[in-house]
Amino acid sequence: MSDSKPPSKHEPDFDSEKESGSKTPPQVEEAPPPPTQQLDAPPDGGAEAWMTVAGTWFLAFITFGVATVWGVFQDAYVSNSTSRFQNVSVFRLGFVGGCATGFAFLAGPFSNILVSNFGVHKTVLVGVIMVAISFELASIAKEYWELFLSQGLMFGLGASLAFIPSAGLPSQWFAKRRNLATAIASSGSGISAVILSSVCQAIIDASSIAWALRFLGFLTLVFGLAGVSLIRVRTVAKKQVQYKVLDLSILKVRGYPLYLAYAFLQFFGYCTPVFFIPSYCTAIGLSPTKASGVLSIATGLNAVGRVMAGVFGDIIGPINVLIMFNSLTGLMCILVWYFAKTFGDMVGFAILWGFFCGAYWALSVPVSAKIVGMPRLGSAVALQFLMNVIPPVFAVPIGSRIINATAASHHVAEESRTAYKYLIVFTFLVPVIASFMLVPVRLGFSKKLMAKV
């Protein structure tokens, strides 16, 4: 960096290059904002900081954690005797679960309008109420369109309003431990899936799908209100962190378009196994209880993996961790899942895949902050999460078509293990290719192999 342009806080960290004498050019092309737009140093701890982490944890628990349990409900809608939708195909049901997750990202820019006018707390509160009501309405749904509008569309939009405005809050309070704090906050969704997969399956088996949905409605309201009461916005950030509807100027930041492409592609590799693990377990002869148990193990290790990704991110850099963990996610599919035939095999896959697949949730916001800077993080998070809308909406339909085509070409039933052959290959290729997209972004910070990036 030249003498005429001193470094600013919003630009990428080039400490490793400075120590080695490297003259790597700055990552951000635009001139730094004036000093009045800079954020002061985060406290890196304190009561309000950790309250915000806890509040974000609760909000992650009731949004993307609950969305992960869709595989249990999809299997129940198809096969459980209390289901009102046994005549609905998996292809059509897939759009309900897909929209539940996909629309949870879609309202990001809209939520920024609400945050700018009403603040974070009121926006998140509206989202929590929508999430709770969506499950109560789904419990009385009798037609497919009613299920789609409630458990699909309404839940997704409510989850978006509840989660996206809060996702960047831990980054306002932490600097040195930003990756770890964000990872702990995001682990709420992984722990939620561990607990709720088994709990919802038990309620479905003991009573009905409707009562499992009512239980979720009550739980999300209680946990959501706890999250709203705990989150805090730093006073300095209220005026200096942007929450623009759609700030396309961020695309001028070198490396960020590639990062957005990575965010889009890797999400297919995450949600496809989450949605199809229960049905694959059924295909190899496991009971619904064991299938939900495998999903619980995967999501449980997901929570552990997120925290470890945050720890490693603070040590070797978040982009390095994303590349490594995401590549290993794909490799676990082709090396373990592809050959899985027993309950033990699937448990092994759940442990390995679950540990590595959660790095994006832990580090995506800190990486955005690293690339575009803290002042524009609110706008960047909304744009980044827009990239995650399409994959979950179409993951089940695309996966179902792959299974159908494989079954037809091999002359086997769609419920057989062989029918999942190319779906597993797909889940291997997608995260590996996505990881390669991050390599140029990483090299933009440093070409040194051991640099912390």
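**Exercise 1.** Work out which residues of helix 5 meet which residues of helix 8, and describe how the two helices pack.

*Solution.* Start with the contacts, meaning heavy atoms within 4.5 Å. From helix 5 come Arg-92, Leu-93, Phe-95, Val-96, Cys-99, Ala-100, Phe-103, Ala-104, Phe-105 and Leu-106, and they meet Tyr-144, Leu-147, Phe-148, Gln-151, Gly-152, Leu-153, Phe-155, Gly-156, Leu-157, Ala-159, Ser-160 and Ile-164 of helix 8. Sort the residues of this contact by type and you get 17 nonpolar, 4 polar and 1 charged.

Before going on, remember that this is a predicted model, where local features need pLDDT of at least 70, side-chain atom pairs count only at pLDDT 80 or more, and totals for chains, interfaces and linings use all residues. Residues are numbered from 1 along each chain as its sequence is written, and side-chain values use heavy atoms, with hydrogens and water left out.

Next, the geometry: helix 5 (residues 90-106) and helix 8 (residues 144-167) have axes 6 Å apart, at an angle of about 20°. So helix 5 is roughly parallel to helix 8 (angles under 35 degrees count as roughly parallel).

**Exercise 2.** Find out where Arg-84 sits and what its side chain reaches.

*Solution.* First place Arg-84: it lies in the loop between helix 4 (70-79) and helix 5. Its relative accessibility is 41%, so Arg-84 counts as partly exposed (buried is under 20% relative accessible area, exposed over 50%, partly exposed in between, with a 1.4 Å probe and protein chains only).

Then look beyond its neighbours within four places in sequence: Arg-84 touches Ser-139, Ile-140, Ala-141 and Lys-142. Take Lys-142: 58 residues separate it from Arg-84 in sequence, yet the C-alpha to C-alpha distance is 6.2 Å.

Finally, check the atoms. The side chain of Arg-84 comes to 3.0 Å from the backbone oxygen of Ala-141, and a polar atom of that side chain lies 3.3 Å from the backbone oxygen of Ser-139.

**Exercise 3.** Take Asp-44 and His-411, which have positive phi values: is each one buried or exposed?

*Solution.* Asp-44 isn't a glycine, but its phi is about 60°. You'll find Asp-44 in the loop between helix 1 (15-20) and helix 2 (47-62). At 15% relative accessibility, Asp-44 counts as buried.

Now His-411, with phi near 55°, in the loop between helix 19 (390-410) and helix 20 (421-445). With a relative accessible area of 73%, His-411 is exposed.

Terms used. Axes are lines fitted to C-alpha atoms, for helices over the stretch in contact, and angles run from 0 to 180 degrees between N-to-C directions. Helices (H or I, at least four residues) and strands (E, at least two) are DSSP runs, numbered from the N terminus. Angles under 35 degrees count as roughly parallel, over 145 as roughly antiparallel, 65 to 115 as roughly perpendicular and the rest as oblique. Ala, Val, Leu, Ile, Met, Phe, Trp, Tyr, Cys and Pro count as nonpolar, Asp, Glu, Lys and Arg as charged, and the others, Gly among them, as polar. A polar contact is a pair of N or O atoms within 3.5 Å; within protein, one must be able to donate a hydrogen and the other to accept it, and residues adjacent in sequence count only if both atoms are side-chain atoms.
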